[in-house]
Amino acid sequence: MPRLSQQLHTARPPAPTRAAASVLLLRDTPAGLEVLMTRRSNSASFVPGAYVFPGGGIDAADANCHAIAQRRATQSAQALTDAIAGIRESFEELGILLARHADGSWAEQAEIDAMDRQGDLGAQCATRELTLAASDMFVLARWITDRDLPKRFDVPFLVARVPPAQTPVADETEQFEPVWVRPGDALARHLAGSFFMIYPTIITLERLQDLATVDAVLQACAVSEEPLWTSCPRTGLLAGREQRHMEHESAYGELALVCPDGQIVHTLDWQSEQPVPLLKNVLRLTAPNPGAMTGPGTNSYLVGDPDTGYIAIDPGPSDAEHLDKLWRAAGGDIRLIVCTHSHPDHAPGARPLQAMCHPTPPILGLPSANTARTHSAFVPDRVLQDGEILALPQNHGWSTEVDPTKKETTHTLKVIHTPGHAANHLCLMLLEDGLLFSGDHILNGSTTVVDPPDGDMNDYLNSLDLLQAACTEYQLKYLLPAHGYVLGGPDDEAQTAITRLKTHRLQREAKVMAAMQAQPDGTLDDWLALVYADVPQRMWPVAKRSLMAHVARIKNLNWNV
C-alpha cells in the first residue's frame, strides 16, 4: 500500500456503514417487466424526494423472526435476516406483505388491512399463522454507500415477485406515490428530469433492462446466494462535473489510489498540458499522441521528490513541448531515465530529455533485440539486470543499493524483465508504495498487441505469471500502465486484473484453435474473421499481429490443430 506520507490528501476515514435492505418487487405485464417504486419524503435525511425501492435499516427484531420464516437450504442466517428486513420494510412502507398461510396461499388484502403496519410484524404474523416468504426473496446486488457521505449504508438489493391481489399503499410518512414502472421508462423519465433517482437505483434499473420477465430475474439470482454485483462507487471530476465509477470501470483504480477515503477532488480529464499528481512522489504526464494504438496518449512518469530528485520512466516520443513539461515538473532534477521498452512512443524522448539535464542522467533499459523493427532501435547507456534495484536516497544522487539501517526517505524501483509485448520489455516496482509501472505489458482499456517476431505470446503469458507472483511477494496493489488510468485497489484488485487479462488471452487463443481446426487449410485472414468477429473491422490489421503470435504459440506447443 502507498505510504501515508506519500498520499496527496489527509486521511479521512469514511463514516461507518449501517446494515439495511432494499427490495425490488416485480411483476409481469403485457407491456413488459415492471418494478414497484416509491417517492421518498421531501424532508427525509437521506436522498429526499428520490424515487427508490422500498427498504430501510435492519432491526434487531428481524433476526428474531427466523422461526416464522421460510428459508432455502443455501440461505445463510444473515441472508435470512436481510430478507426478513426487506419483507418488513415492504409491509411498513407500502403495505405489501410476502407471507403465506400453511396451505401456501398468500396473505390476502383484507388481512393486511387489519394489521398495524408500525406494530410487531413477527407477532402479528404468528397470531394469524402466517409464515414470512423469505425463501421467495433473492439477492440481486449489494450496494455500499459512497465513502464521502456522512450517512452510509451497506444494502443488499433483494428481488421478489409481488404477491397477487395486493395493492401498494404508501405510508405517507416516509414514502409517497407508489408506482409500477418499467425499468426503461423510469430511466427515460429520470433523464427528462421528472423522476429523480440516485446512482445505485439507476445502475440497478439499467442492469434489469436486460432481463425480460420476473422468472428471468429470479433465475439469474438463484444461480448462487451471492449478489450479481457488489459496488461501493468512487467519484471523480470529469469536465468539471462529478462522475461516479464502479469497480469494473477504468477510472476506479486511479480514484482508489489518489483518493482512498473517497474525497471528490481528482480530475479524470485527459490532458497533456500539465502533470497529474497521483501520489506526492509520483507524477504522470501524458504525451500529446492520442490514437487507436496509444489511447489517450503515452504516460510518462516521474518518481521522486524535490529532496531526492526524480527518475523519469518512459519519456515518450521526441516531442519538445512534452519533454520540456516533463523536465520542468521535475525541477530539472532528473537523476535517471528508464525506458520500459524501445517502441517509438516510449523511448525516442530519452536522448533529448537527457540533453536538457545537468548533471547528465544515464538512460537505462534493455537494448532492442535484432527482431525489433527499425523504428524501435534503442541502445541504453547501461543495460538493466532483472531484479536490479534503483534507489533515490535523500540528497545522495542515486544508488543500486538500499541501506536498511538508514531511515531517510527513499524511492526504490526494482526491475522485472517481462518480454512478450517486446523482447526488451521490462516493468518497475516502486517497493515502498506497492506500485507496478507496467509499461505496455498491462494496459487500461485495451489489451496490448503482441507483434511477432519481437513480440512473443508464450513469453507474454509467462511474464503475466511473473507479475502475478510479484504482486503477492511485494504486496503490489496498483498497476500504472503506459496507456490509461491506474488499475488496482487496496485489496486484490491488481492481481484480479492480471488474472482477467490472462483469461482473456487464453479465451482468445481457444478461438484461434477452433478456427484452425475448422479451417485447417485457412489463411490468417480466414481465421481473423472468425477469431475477432467481436472486434471492429478497422482494428483487424492490428489484431492480425496478435493472431500471428497466438498461431505461433499453438504450433510451438504442438497442440492438435
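**View 1. Proline 380 in the loop between β18 and β19.** Proline 380 of this predicted model lies in the loop that runs between β18 (363-365) and β19 (382-383), where helices (H or I, at least four residues) and strands (E, at least two) are DSSP runs numbered from the N terminus. At 10% relative accessibility, proline 380 counts as buried, a term that means under 20% relative accessible area, with exposed over 50% and partly exposed in between (1.4 Å probe, protein chains only). Leaving aside residues up to four places away in sequence, proline 380 touches Arg351, Ile363, Leu364, Gly365, Leu366 and Pro367, contact meaning heavy atoms within 4.5 Å.

**View 2. The open sheet of 6 strands.** The order of the strands is β20-β21-β22-β23-β24-β25, with mixed pairing, and two strands pair if DSSP finds at least two bridges between them. The edge strands, β20 (389-393) and β25 (487-488), each pair on one side only. Strands β21 (residues 410-417) and β22 (residues 426-430) run antiparallel and are joined by 5 bridges, and lysine 414 stands opposite methionine 429 in β22.

**View 3. Packing of helix α10 on helix α13.** Helix α10 (residues 457-474) and helix α13 (residues 540-556) pack at an angle of about 90 degrees, with their axes 8 Å apart; axes are lines fitted to C-alpha atoms, for helices over the stretch in contact, and angles run from 0 to 180 degrees between N-to-C directions. The contact is made by Met457, Asn458 and Leu461 of α10 and by Ser546, Ala549, His550 and Arg553 of α13.

Residues are numbered from 1 along each chain as its sequence is written. Side-chain values use heavy atoms, with hydrogens and water left out, while local features need pLDDT of at least 70, side-chain atom pairs count only at pLDDT 80 or more, and totals for chains, interfaces and linings use all residues.
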